[in-house]
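Take a look at the protein below.

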Amino acid sequence: MPDTVQDMPSVEARVVVPVTPDVAFAVSQTTGETRLRWDPFIRRQHFLDGAERPAVGVRTRTVHRLGLAMTSEYVSFNPPTNVGMRMVDGSWFFEKFAGGWQFRPAEDRPGHTVATWRYTFATRPDWLAPLADRIGVWLLGRDIRRRLDAFARGCTDPVVLSAVEAP
């Protein structure tokens, strides 16, 4: 198993969306029907332990569209710039899994945001990791690109935007 994050496989994707970082961040943190409207990755997602909103230490349960489930925990939550999560419990395939999303103003396009998403992971069992890591990079790379493209569409969806701009 890799000793540090630098040793672990990762995938990253980036897109420019036509909203400010605070709106892009808010879209990324939507829940319920609003989240399902734009996020093809999940079938269901909810907070655990009585939490009602994201914060460092808050755990969520996410069920992937294919039925795989994961409990994750916020390790960073810094609106409107970044959020990070790590897997607490999940698939037998992943020894470790973490995701981070960053939102920065697009320097050359006022009112736009560069959204960068990154997944880092380690697979198991150890003896299978050399092959499993390559498969993981391919699958997660495809998945993160699809998910980020859907996020970009969500950032132009009037229903999603009205949900994040409501008081």
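**From one glycine to the whole fold**

Find Gly90 in the loop between β5 (82-89) and β6 (94-105). Keep in mind that this is a predicted model. Is Gly90 buried, exposed or partly exposed? Its relative accessibility is 26%. Buried means under 20%, and exposed means over 50%, so Gly90 counts as partly exposed.

Now look around this glycine. Leave out residues up to four places away in sequence, and Gly90 touches Ala69 and Met70. Gly90 and Val63 stand 27 residues apart in sequence. In space, their C-alpha atoms are 9.9 Å apart.

Step back to the elements. The protein has 4 helices and 7 strands. Read from the N terminus, their order is β-α-α-β-β-β-β-β-β-α-α. The radius of gyration is 16 Å, close to the 15 Å that the globule rule gives for 167 residues, so the protein is as compact as a globular protein of that length. Along its principal axes, the C-alpha trace spans about 50 × 40 × 25 Å.

How much of the chain is buried? Of the 167 residues, 43% count as buried. Contacts tell another part of the story. Take those with a separation of 6 or more: residues 24 or more positions apart account for 52% of them.

Next, go inside. The largest nonpolar core has 33 residues. Val17, Val27, Phe97, Phe103, Trp117 and Phe151 have the most contacts inside this core. At least two core residues come from each of β1 (10-17), α1 (21-28), β4 (69-78), β5, β6, β7 (113-123), α3 (129-154) and α4 (158-165). Which element gives the largest share? That is α3, with 6 residues.

Pick out Trp117 in this core. Set aside its neighbours within four places in sequence. Trp117 is then in contact with Val11, Glu12, Ala13, Trp38, Gly100, Trp101, Phe103, Ile144, Arg147, Leu148 and Phe151. Two of these partners, Phe103 and Phe151, are also on the list of residues with the most contacts inside the core.

The accessible surface comes to about 9200 Å². Carbon and sulfur atoms make up 55% of that surface. The protein also carries 21 positive and 19 negative charges. Their mean positions are 5 Å apart.

Notes. Residues numbered from 1 in each chain as written. Predicted model: local features only at pLDDT ≥ 70, side-chain atom pairs only at ≥ 80, totals over all residues. Heavy atoms only, no water. Rg over C-alpha atoms; globule rule 2.2 N^0.38 Å. Buried < 20%, exposed > 50% of the residue type's maximum accessible area, 1.4 Å probe, protein only. Contact = heavy atoms within 4.5 Å. Areas by Shrake-Rupley, 256 points an atom, 1.4 Å probe, with all protein chains shown as cover. Lys, Arg positive; Asp, Glu negative; His and termini not counted. Charge placed at Lys NZ, Arg CZ, Asp CG, Glu CD. Core = buried A, V, L, I, M, F, W, Y, C linked by side-chain atoms within 4.5 Å.
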